[in-house]
Amino acid sequence: QNAGARGTPYNVILSGDLKVVIPGALPYSAIQEMLDTIISGEIPETNDPTISIEPVSDEDWVLGNKNADISIIEFSDLDCPFCKRFHVTMHQVIDSYNNVNWVFRHFPLPQLHPDATNKAKVAECVGDIGGNDKFWKFVDVLSIE
């Protein structure tokens, strides 16, 4: 919520000083356009430098190149149907861009999805025990139907 999330999925692209909000579960083509704009040195319309967001750290679950110049931080609810749709989109992004990584942060909405908080806790346990790869495999199972 400190980063401005009010619903899910809520995503912010971090690149240098840019903090570009991805408003909702946009299709791959829209994310591609935003990333290509950033890569070309331009600033997308949804850049919001006032967002307070924790930078990517070793505590995060990261898919893709951990040293990438561009990070997409997703705040997600594991039971949200829009998050599940966006999960597929993000896999397309990671498969297409070597200089982008995907950071997963939990934002369960228990008032809408009563099991989401427990699923987030289980995902954290899976990651703590099995590491980053197992975390992502578990989240994939929950997110891709």
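Here is a short chat about aromatic pairs and a helix contact in this predicted model.

Me: How many aromatic pairs does the structure hold?

Reply: Six aromatic pairs turn up. Ring planes under 30 degrees apart count as stacked, and those over 60 as edge-to-face. Take W61 and F135: their centres sit 4.5 Å apart with 10° between the planes, so by that cut-off the pair is stacked.

Me: Where in the chain do W61 and F135 come from?

Reply: From distant parts of it: W61 belongs to strand β3 (residues 61–64) and F135 to helix α4 (residues 132–143), 74 residues apart. As for burial, W61 and F135 are both buried.

Me: What kind of aromatic pair do F135 and W136 form?

Reply: An edge-to-face one, at 5.7 Å centre to centre and 90° between the planes. Zoom out and you get one aromatic cluster made of W61, W102, F104, F135 and W136.

Me: Which residues make the contact between α3 and α4?

Reply: On the α3 side, look for K119, V122, A123, E124, V126, G127 and G130. From α4 come N132, K134, F135, F138, V139 and L142. Sorted by type, the contact residues are seven nonpolar, three polar and three charged. Notice F135 again: this residue of the α3–α4 contact is also in the aromatic cluster.

How values were computed
Residues are numbered from 1 along each chain as its sequence is written. This is a predicted model: local features need pLDDT of at least 70, side-chain atom pairs count only at pLDDT 80 or more; totals for chains, interfaces and linings use all residues. Side-chain values use heavy atoms; hydrogens and water are left out. Rings of Phe, Tyr and Trp (its six-membered ring) pair if their centres lie within 6.5 Å; planes under 30 degrees apart count as stacked, over 60 as edge-to-face and the rest as tilted. Helices (H or I, at least four residues) and strands (E, at least two) are DSSP runs, numbered from the N terminus. Buried means under 20% relative accessible area, exposed over 50%, partly exposed in between (1.4 Å probe, protein chains only). Contact means heavy atoms within 4.5 Å. Ala, Val, Leu, Ile, Met, Phe, Trp, Tyr, Cys and Pro count as nonpolar, Asp, Glu, Lys and Arg as charged, and the others, Gly among them, as polar.
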